[in-house]
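Please walk me through this structure.

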Amino acid sequence: MIAAALDVFVDSLQFIVDERDLLLEKTLEHIVLSGAALLVSIAIAVPLGLALGHLHRGSFVAVNVANVGRALPTLVVIAVGFIFLGIGFTTVMLALVVLAVPPILTNAYVAVDEVDRDAVEAARGMGMTPSQVLWRVELPLALPLLFVGIRTAAVFVVATATIAAIAGGSGLGEILVNQAAYDVEGLVGAAICVSLLALAADAALGVLQRWLTPAGLKEELPAFEPDVRPVV
Amino acid sequence: MRAPRQAVEIVFDHATKRYPGRTTPAVDDLSMTIPAGEVCCLVGPSGGGKTTAMKLVNRLVELTSGDVRVDGKSVTALDETTLRRGIGYVIQQVGLFPHMTVAENVATVPKLLGWSKRETDERTDELLDLVDLPARDYRSRYASQLSGGERQRVGLARALAADPPLMLMDEPFGALDPITRTRLQNELLRIQDELRKTIIFVTHDIDEAILVGDRIAILREGGVLAQYDTPEQLLAHPADDFVARFVGADRGLKRLSLTTLDEVELEPANGLVGPLLDGQTTLRDALSAMLTDGARAVVVDSGDGTRKQLTLDRLAELLR
Amino acid sequence: MAEPVIPDFGEASDCVAENRLFCTDWVRENWDPVLQPALVEHIKLTVIAVGLGFVLSLVAALLAHRFRHVERPVAFLSAVIYTIPSLALFQLLVPVTGLTVTTVEIALVGYTLLILFRNNLAGLRSTPPEVLEAARGMGLTSNQTLWRVELPLALPAIVAGLRIAVVSTIALATVAAFVVSEGLGGPILGALRLDFRTEIIAAGALAVGLAILADALLVLAQRAVTPWASARRVT
């Protein structure tokens, strides 16, 4: 069984080499699609989450939206999108954004909400205006946790985009959902590619996160850290 | 109902604790005997090794050389878990188990020792009443529902649960507000009157040590014993400058707080007019009353109908 | 195995023929043959995956709690698995374990490991230091401290992790349909390919409903096993 499996893996590597043009094209499509969806989700969720967190409002919704998001199976969201909008770019984008917004929103909210109240109070006491407090104190301190949310969402989007191919999305998913058209070597090859893509994206964002984190806050952050802080 | 256990004597015999990589020992050649049934306060500055010395007794810290004997037996003779189950241990932050009720907390060591449920329940109720937390109300509460003072009382009850012959208390009242602290210090004295355990009590507060201790051991930096004496002797005859500074320049006044009016021989009042105090008042408070009123004497109600007097001169005589 | 229902012209109702959003008659007819089996399969998939994942992660957490250097490799490995897209992970396992439920279960267990391990470990580490000192000073052995103090106090974090794991697994198990037609993903995928709306809505609603129900039940379970957490100060 293991021997047979190894054969398949070797063949899949061969597939990657043989079809590298196709795979490269699909990978780029995947990156573009994921990137676009992520940016849209950030544009929606970050301002909203930061604002709510700064005002310490709407905590019930903001904290629980991630839980709700987690309960939505990707396939269901895509299928529902398909019902109303058919196959195509809009459906895919909508599904990706709907699934990516919750973790970003919750993390953005919690990141600002939980900023050390003493620090904020000291800042206000020193005479900073509310927007100065926001930009110079709250945001820098909120950055690490916010980034964790974005990393989670990024990995999630890459994974979701793979499945979204079933509703017309482009990218490596096209190969993976099209099990009839490719042999198992092709499917495994595509699987390897998209896995590497996801790992690379997470690692890259990790580097970016470390780079953006203010020096005083650089604690031991393990290499991979999705939004799985113990929520009690 | 179990028979109450006799208190035991604790002996430090050239006990030394050295941590690897440090030049000075934490506890340096400590030798002293704590008689059974007495409270010995270990006092000193931070880093003076007082907590370390205390922890040598229940082996939370292991001896480097020398010995510590409880009831004649070396602490190293027993396995440490068994040793600890026979010692009551009270710490500053209490360390109540948050997930257990008050009753369950108190029952911890009896359960470990295999007491029956009935015995344990009886004992728990008895102890809660002893520390002035009516069992009926407090049994089923959780730590988060108690105030700081209440928590430490439960800590005390928990330490006393298996009726250990000796207790180790590490700054037990340090985290409490002054009023609660005073209240609990007096509670401890009352309980000690009843139970007569051997207690090692660590504190950095010399006033607390004077109030609570039958004997006081002052440790200086480097874990060296500076003086080991009763409070009276310590205040009257400090061994050196360090001890003198530690007990405070007002040690004369502190000595006055050790004695009450009905403990000294006084002349009859003979119609003297002055602030009237009862026999329980300390000499220190009597002096304070004199100064406040601008008098040079106070009148004491002896409780048997007669009145005595205490003059400033007599006070000075008593101090000598 | 669940079979997608092909609208049979002439025999099906108008609702189905017009492919309206939700046809109650179809749902009623197909509850027994299609929806209920899929639901039961889905629950089975989830329970096995979370159960196994929990046991593995608890063992790993206990080891990591005792031996510091265990933490990093386990955290790293489970994070890598977590980052790999589900469809890809399924596909990578297929050559080894075939188009079977085993493949799906292995992947699902893998996905639970990160959250469960981290929460279990964080829970074990959450005991206040003074509680540990008091326990040691009273004469509890390490094992007794673990079982009577550290584990009970770790429960809130452990159950929180279970909540997330259960909800995520229910959602993820729908993707299993790409490998083997088990669980609610089967009807959804099949109906997607045939553009049959009622089935999509029905199965989808079941999946979401199941997740929400499971989450609510676990919240209740958490409150039940941690009575001290909700104890309020008595005045």
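The questions below start with the sheet and end with a chain contact.

This is a predicted model, in which local features need pLDDT of at least 70 and side-chain atom pairs count only at pLDDT 80 or more, while totals for chains, interfaces and linings use all residues. Residues are numbered from 1 along each chain as its sequence is written, with chains lettered from A and ligands numbered from 1 in the order in which they are written.

Q: In what order do the six strands of the open sheet in chain B run?
A: Strands (E, at least two residues) and helices (H or I, at least four) are DSSP runs, numbered from the N terminus. Two strands pair if DSSP finds at least two bridges between them. The pairing in this open sheet is mixed. The order is E6-E7-E8-E3-E9-E10.

Q: Which are the edge strands?
A: An edge strand here pairs on one side only. In chain B these are E6 (87–91) and E10 (224–229).

Q: In what sense do E3(B) and E9(B) pair, parallel or antiparallel?
A: Four bridges join E3(B) and E9(B). B:Cys41 stands opposite B:Ile216 in E9(B). The sense is parallel.

Q: Which residue of E10(B) is the bridge partner of B:Leu219?
A: E9 (215–220) and E10 of chain B pair in the antiparallel sense over five bridges. Among the partners, B:Ala217 has B:Tyr228 in E10(B). For B:Leu219, the partner is B:Leu225.

Q: Which residue takes a positive phi in the hairpin of E9(B) and E10(B)?
A: Three residues lie between the strands of this hairpin. The phi is near 90°, and the residue is B:Gly222.

Q: At about what angle does H7(B) run to E6(B)?
A: Axes are lines fitted to C-alpha atoms, for helices over the stretch in contact, and angles run from 0 to 180 degrees between N-to-C directions. Helix H7 (148–160) of chain B lies across E6 and E7. Its angle to E6(B) is about 165°.

Q: Why is B:Asp79 classed as exposed?
A: B:Asp79 sits in the loop between E5 (73–74) and H2 (80–85) of chain B. A residue is exposed if 12 or fewer other C-beta atoms, placed from the backbone, lie within 10 Å of its own, buried if 20 or more do, and partly exposed in between. B:Asp79 is exposed because its count is 11.

Q: How many residues of chain B are in contact with chain C?
A: Contact means C-beta atoms, placed from the backbone, within 7 Å. Chain C gives 17 residues. H2, E6 and H4 (108–113) of chain B each give two or more to its side. The count for chain B is 20.

Methods
Two residues are in contact if their C-beta atoms, placed from the backbone, lie within 7 Å.
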